[in-house]
Protein chains: 2
Amino acid sequence: MTDVARKAGVAPMTVSRALRGDGYVVEEKKERIINAAKELGYVLNMSAGSLSSNKTNFVSVLIPSINNSNFSETVHGIAEVLHSKGMQILFGYTDYSMENEEHIISTMLKRRPEGIILTGGVHTDQARNLLKNAHIPVVEIWDLPEKPINHAVGFLNSRTIEDMMARLLFLGYRNIAFLGGDEGGDNRGRERRLGYERAVKTLGLDKSCVIPLGPPPITMMHGKEGIIRLIKEWPEVDAVVCVSDLPAFGAIMECQRQGWKVPERLAVAGFGDFEVSSFSCPSITTINVGCAELGRNAGEIMAKAIEGIRCKTPISPQIITTPHTVIEREST
Amino acid sequence: MTDVARKAGVAPMTVSRALRGDGYVVEEKKERIINAAKELGYVLNMSAGSLSSNKTNFVSVLIPSINNSNFSETVHGIAEVLHSKGMQILFGYTDYSMENEEHIISTMLKRRPEGIILTGGVHTDQARNLLKNAHIPVVEIWDLPEKPINHAVGFLNSRTIEDMMARLLFLGYRNIAFLGGDEGGDNRGRERRLGYERAVKTLGLDKSCVIPLGPPPITMMHGKEGIIRLIKEWPEVDAVVCVSDLPAFGAIMECQRQGWKVPERLAVAGFGDFEVSSFSCPSITTINVGCAELGRNAGEIMAKAIEGIRCKTPISPQIITTPHTVIEREST
DNA sequence: CTGTTAGCGCGTTCAA
DNA sequence: TTGAACGCGCTAACAG
């Protein structure tokens with residue numbers, strides 16, 4: 001920076017102001033400084049800047065998996081908002097494990113994010129501790145937690161499945177099964193399964209049947225295997241709700257191979273409104289949870305919360321419930 | 001850190017060594033220090049650490065899109081290796097745009113990554129400049145560039161399609177079209193299209209037909225629309241190679257709706273070996289490019305290159321060509 | 001194995 | 001609108 005300053009004939013402090021675009025610098029000097037920097041190949045050092053200003057200008061976002069279009073749409077929404085406010089995002093992928101999450105949080109915090117966005121409302125005790133001590137805004141997204149750490153934007157997974165079940169009942173199905181939703185670390189899956197079980201009771205169905213598919217990520221393969229087990233275990237089944245569109249697709253394709261007509265022999269519904277669901281033949285009935293909008297909401301809250309902290313006027317905890325829609329297609 | 005040191009009855013420097021796990025600290029003191037840190041909720045500040053040590057311990061990885069299983073598998077491979085060496089990764093998504101890439105690079109460099117991995121071999125001049133001046137290892141992945149900036153791991157997109165074409169010819173197809181591959185910023189698509197056009201000549205086919213699908217990302221929707229245009233433009237077509245599995249799937253599903261049997265009326269091949277291709281009914285003939293292995297290779301090179309720089313024994317540029325395989329399935 | 005000293009490259013703060 | 005002084009929190013380097 002000193003070199004640039006010398007070359008432009010100003011003090012280093014003026015270079016700092018010009019290059020960050022804050023504070024007042026006469027336009028003509030600014031230009032000279034920017035040119036000098038370019039010629040020297042000078043690039044600001046944010047480690048030093050952050051240390052001095054106590055601002056890192058980035059937010060951590062933790063999602064279970066990089067390869068899931070629901071999460072990636074959410075991330076798009078978050079990024080859209082935060083980038084527009086000049087913030088950067090540092091991603092972490094937890095692989096659906098709370099232990100990984102804890103580890104990633106502790107690693108992230110060393111870089112002093114100004115906020116952190118988590119997927120899901122269940123975390124290890126140590127993770128909660130770390131977050132508390134960090135004194136930065138936390139936004140939990142997707143699953144609305146019982147007791148949010150701070151802010152939250154999401155929906156009730158159980159409710160989405162209950163709505164789907166009601167729809168299937170209305171369409172005339174009576175023997176409805178559920179594919180997916182394990183005991184283990186799969187909180188979203190468990191919630192959806194819970195919704196299924198509640199709906200079976202509420203709607204007064206005679207029988208229920210859950211085919212667990214193991215820990216996430218649940219793939220097309222799981223749907224293929226699951227549907228075979230299902231038909232064997234409960235031949236009278238006339239509809240099945242899957243924990244996501246991926247196993248729903250896998251199940252439907254396997255049905256085609258087996259000659260089980262969808263939806264005549266068996267109706268199949270998914271969750272998430274993935275691209276494959278609208279193009280699949282038959283197209284797949286599913287639940288859209290407005291991922292992008294959810295992400296934008298989370299981004300807005302985070303931006304405001306950070307602004308609040310910087311100005312020493314912290315905002316109060318925000319809890320937003322986002323809407324979901326059952327989308328009826330050919331598979332039911 | 002001073003507080004932790006006081007609490008543990010040591011000097012701050014010893015706390016630093018204990019918490020980073022480098023250098024020698026007597027086990028008993030180390031434990032005391034770690035406990036003290038935990039009790040005080042102390043977390044290392046890497047901004048300060050990086051400033052002092054001139055090591056940031058992270059690598060930037062730029063990919064076109066978060067939501068593409070090919071790229072995400074590659075990223076998995078990279079992460080596997082780099083995490084095992086204790087490095088972190090900072091992702092950037094370019095949205096298939098060189099201008100975005102340039103901007104992201106310049107933002108990233110302010111945080112002083114110790115290396116940078118780019119997808120594709122074509123960049124803006126300014127981007128190349130920035131990278132040169134940064135004096136850090138650069139690994140270009142996926143497309144093998146004509147003139148690599150530094151290291152490269154990838155394959156020739158054109159070659160993969162040529163191999164697919166040869167396979168289709170062997171299977172008896174003669175009127176083979178290509179779906180996708182635009183003029184614009186889509187370098188990978190253009191290369192694949194080039195491979196198609198070369199193969200048409202080399203293999204002595206009578207006619208060629210390219211249906212461009214616009215700029216990436218190319219989705220299932222593009223395949224659906226493209227196949228309709230194709231059949232209209234060239235009714236005699238008996239096979240079509242798609243720029244990726246996504247449009248291939250979209251095309252096949254549309255064929256089912258239209259009553260065009262795949263592969264009897266029309267054979268369809270894709271690229272990338274996405275999950276949907278093996279579960280689709282019919283399953284889709286495609287090209288597997290070993291994304292995860294490619295990523296691991298890139299990670300290994302990066303790790304060695306960084307090690308080299310730290311030890312002042314820089315390694316020489318590495319260029320690795322990774323293998324690809326044509327996977328024949330039901331759609332041809 | 002541990003401690004001391006010095007300084008990494010900026011931005012805050014205040015004065016001009 | 002610009003500049004000077006200072007210190008952010010840590011680690012390299014060296015001494016013991």
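A residue is counted as near a molecule or strand if one of its heavy atoms lies within 4 Å of it. The model examined here is predicted, so that local features need pLDDT of at least 70 and side-chain atom pairs count only at pLDDT 80 or more, whereas totals for chains, interfaces and linings use all residues. Residues are numbered from 1 along each chain as its sequence is written, chains are lettered from A in the order in which they are written, and side-chain values use heavy atoms, with hydrogens and water left out.

DNA strand C is surrounded by 23 residues, the closest being A:Ser16, A:Arg20, A:Tyr42, A:Ser52 and B:Thr14.

Between the two protein chains, 50 residues of chain B are in contact (heavy atoms within 4.5 Å) with 50 residues of chain A. The buried area, that is, the accessible area (1.4 Å probe) that two parts lose on being put together, summed over both, is about 4400 Å² for this pair, with carbon and sulfur atoms giving 60%. B:Ile66, B:Arg111 and B:Phe279 supply 16% of the area that chain B buries against chain A, more than any other three residues. Two salt bridges (a side-chain nitrogen of Lys or Arg within 4 Å of a carboxyl oxygen of Asp or Glu) are counted between the chains, and one joins the side chains of A:Arg257 and B:Glu330 at 2.9 Å, N to O.
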